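Please read the points below alongside the sequence and the model. They go from a single residue to the whole chain and back to a few local details.

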Amino acid sequence: MLQDIHFHLGAGEVLALLGPSGCGKTTLLHLCAGLLDLQAGRLVNTFARPAMMFQQPRLLPWQNARDNIALSLRAEGVPRARAREAAQAIGLRLGLDSLALEAWPHALSGGMQSRVALGRALVTAPDLLLLDEPFAALDIGLKAQLHELLLEYRGQQSTAVLMITHDVMEAMGLADRILIMAPHPGRILHEYRPDLAPAARDAAWVHAETAKLLQVPLVRSCFELPGAAPAPRAAQMPRALSC
């Protein structure tokens, strides 16, 4: 259940929704994607070309990596040859060589499958990218590589990104703005704006800023950290939903 949600995502902005399990992050993202019907409030989405990347790669096992990437374009009616050509280009850009692009999903590592899923989302040149914790299962090295690829693409295309995560450092490394959610019911209690551009953030900065953020009393209450006071009741927050 979500209550008292209000936020705005601008063109080219990376916004992270951060919070503990069960706070409604995925539900909120699915509402913004149009995968769930809004039962109350108001949601306005003026982006023309949204794309989504899920927690799992969700690749078609009977299609090779190239054709899995091309699937988004084929669904839009793009001829097969043109779609496969565009898929080849975005796959190479994401670090998938020709052998990997010819491989079936079961033959790819988890990291390569995630690259294919990211390519499938990016090949349509979206103006809004919705990310549902797609890097959560990856090791730290692969996660860092995909973060770098995502930031590089976003910098070139000015794509807006709405991402959900429970990883504070991931949000700190990628987002222009972070909204902290609390559960029972799911609601936004705190907003954080990093004062450094994502491209300028190194590991030391991310660790230091994460430590500072986790000392904020409201943030500690959202994550129910030891010594945190109970989170404020939902009735104290404004009632609306917009995107």
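**Notes on the model**

1. Ala11 touches Phe47 and Ala160, leaving aside residues up to four places away in sequence, where contact means heavy atoms within 4.5 Å. Ala11 sits in the segment before β1, and with a relative accessible area of 73% Ala11 is exposed; here buried means under 20% relative accessible area, exposed over 50%, and partly exposed in between, with a 1.4 Å probe and protein chains only. The C-alpha atoms of Ala11 and Thr46 are separated by 9.8 Å, although the two residues are 35 residues apart along the chain.

2. On the basis of these notes: this is a predicted model, in which local features need pLDDT of at least 70 and side-chain atom pairs count only at pLDDT 80 or more, while totals for chains, interfaces and linings use all residues. Residues are numbered from 1 along each chain as its sequence is written, and side-chain values use heavy atoms, with hydrogens and water left out.

3. The secondary structure comes to nine helices and six strands, both taken as DSSP runs numbered from the N terminus (helices H or I, at least four residues; strands E, at least two). The radius of gyration is 19 Å, close to the 18 Å that the globule rule gives for 243 residues, so the protein is as compact as a globular protein of that length; the radius is taken over C-alpha atoms, and the rule is 2.2 Å times the number of residues to the power 0.38. Along its principal axes the C-alpha trace spans about 55 × 40 × 30 Å, and 51% of the 243 residues count as buried.

4. The largest nonpolar core has 52 residues, and those with the most contacts inside it are Ile69, Leu129, Ile178 and Ile180; such a core is a set of buried Ala, Val, Leu, Ile, Met, Phe, Trp, Tyr and Cys residues joined through side-chain atoms within 4.5 Å. Helix α5 (residues 110-122) supplies the largest share of this core, five residues. The core also draws at least three residues from each of domain 1 (1-49 + 126-232) and domain 2 (58-125), with bounds that come from an automatic or database domain assignment. Apart from it lies another core, of 19 residues, among them Phe7, Leu9, Leu128 and Ala160.

5. Which residues of helix α1 (residues 25-33) are buried? They are Lys25, Leu28, Leu29, His30, Leu31 and Cys32, and what covers them includes β1 (14-18), β2 (50-53), β3 (128-132), β4 (160-165) and β5 (177-182). Just after α1, Gly34 takes a positive phi of about 80°.

6. Two backbone details deserve a look, given that most residues other than glycine have a negative phi, and most peptide bonds are trans. A cis peptide bond, with omega about -5°, joins His184 and Pro185, and Pro185 is found in the loop between β5 and β6 (187-192). His184 itself has a positive phi, near 60°, and counts as exposed at 68% relative accessibility. Glu224, in the segment after α9 (217-222), likewise has a positive phi, near 55°, and counts as exposed at 63% relative accessibility.
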